[in-house]
Amino acid sequence: MSITIRPARERGHADHGWLDTWHTFSFADYYDHRHMGFRSLRVINDDRVTPGEGFGTHPHQNMEIFTYVVEGALAHKDSMGHASTIKAGEVQKITAGRGITHSEFNASDKQPVHLYQIWIQPDKNGLVPSYKEVALPEPDPEVPLFLIGAPPGKGGLVDFHQDVLIFRGVLTKGQKVPYAIKPGRGLWVQIVKGCVRIGEHSLRAGDGASLEAAAEIMVMAAEPAEFLLFDLA
């Protein structure tokens, strides 16, 4: 098995006062030619936004934008006419396509919001912009890996214009879950909460790992854990 660990503290980091952000891959003022993305996975930003602050209206184009709220709530407005608040346990997916603008603010004036914003490169440019938000079901110990996103018709709660499967993993302490990697594909595992073991490696919140050339992996929770698993062509 080929596994590469991306330790949380080695990511790009910026503290803007209102925003404390960690970049798994090169983004904004952080550039590292060794960390430009993984397959079609281009951005994983681990953001904490102070109460009442946020990102003013800004543009996006030709990217699939996936927002996973860990704690708190995020207020969103966009040029497609959507205005909503995404809370912990909910996800949002935007196909920026030929162009959109949007803003994102902490919906609370008292509590911070913690979110992951993830960008995936679509299989074509110039798509018609679209928007979807969904509430994830309560974690079920019988279904430790829950499929959130997939290509159209592949059973995801949200569709992606790319050959990618996105799972939420929630494990109780000591629980294990296997995952088979099909030939030619790669996995990225991003730890959101807790601690897991993959092979001989221990990963904690903020850590990531890429896996290739493996028939199957086993993820074991050393303590209660939550993670995102990306299966990419």
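Let me start with the salt bridges, of which this structure, a predicted model, holds 10. Side chains of opposite charge can pair when their charged atoms come close. Take Glu212 and Arg39, which form a salt bridge whose closest N and O atoms are 2.7 Å apart. Glu212 lies in strand 19, residues 208-212, while Arg39 sits in the loop between strand 3 (19-23) and strand 4 (41-49), so this pair ties together parts that are 173 residues apart in sequence. As for the setting of the two partners, Glu212 is partly exposed, with a relative accessible area of 29%, and Arg39 also counts as partly exposed, at 33% relative accessibility.

A second pair I would like you to find on the screen is Asp46 with Arg48, where the closest N and O atoms of the salt bridge are 3.4 Å apart. Here Asp46 is buried, at a relative accessible area of 3%, whereas Arg48 counts as partly exposed, at 36%. Then there is the salt bridge in which the side chains of Lys87 and Glu90 meet, with 3.4 Å from N to O; in that pair Lys87 is partly exposed, with a relative accessible area of 43%, and Glu90, at 15% relative accessibility, counts as buried, because the cut-off for that class is under 20%. To come back to Asp46 and Arg48, salt bridges that share partners join these two and Arg11 into one network.

Staying with charge, but now for the chain taken together, there are 23 positive and 28 negative charges, and their mean positions are 3 Å apart.

Let me turn to the fold. Taken along the principal axes, the box that the C-alpha atoms fill is roughly 45 × 40 × 40 Å. Of contacts between residues at least 6 apart in sequence, 70% join residues that are at least 24 apart. Buried residues make up 51% of the 233 residues, and the accessible surface comes to about 10600 Å², with 50% of that belonging to carbon and sulfur atoms.

I will finish with two loop residues. Is Ser40 buried or exposed? Ser40, which is found in the loop between strand 3 and strand 4, is buried, with a relative accessible area of 9%. If we leave aside residues up to four places away in sequence, Ser40 touches Trp119, Ile120, Gln121, Gln162 and Leu232.

For anyone who wants a distance to check against the coordinates, the C-alpha atoms of Val128 and Ile166, which are 38 residues apart along the chain, are separated by 22 Å.

Definitions and conventions: Residues numbered from 1 in each chain as written. Predicted model: local features only at pLDDT ≥ 70, side-chain atom pairs only at ≥ 80, totals over all residues. Heavy atoms only, no water. Buried < 20%, exposed > 50% of the residue type's maximum accessible area, 1.4 Å probe, protein only. Contact = heavy atoms within 4.5 Å. Areas by Shrake-Rupley, 256 points an atom, 1.4 Å probe, with all protein chains shown as cover. Lys, Arg positive; Asp, Glu negative; His and termini not counted. Charge placed at Lys NZ, Arg CZ, Asp CG, Glu CD. Salt bridge = Lys/Arg side-chain N within 4 Å of Asp/Glu carboxyl O. Helix = DSSP H or I, 4+ residues; strand = E, 2+ residues; numbered from the N terminus.
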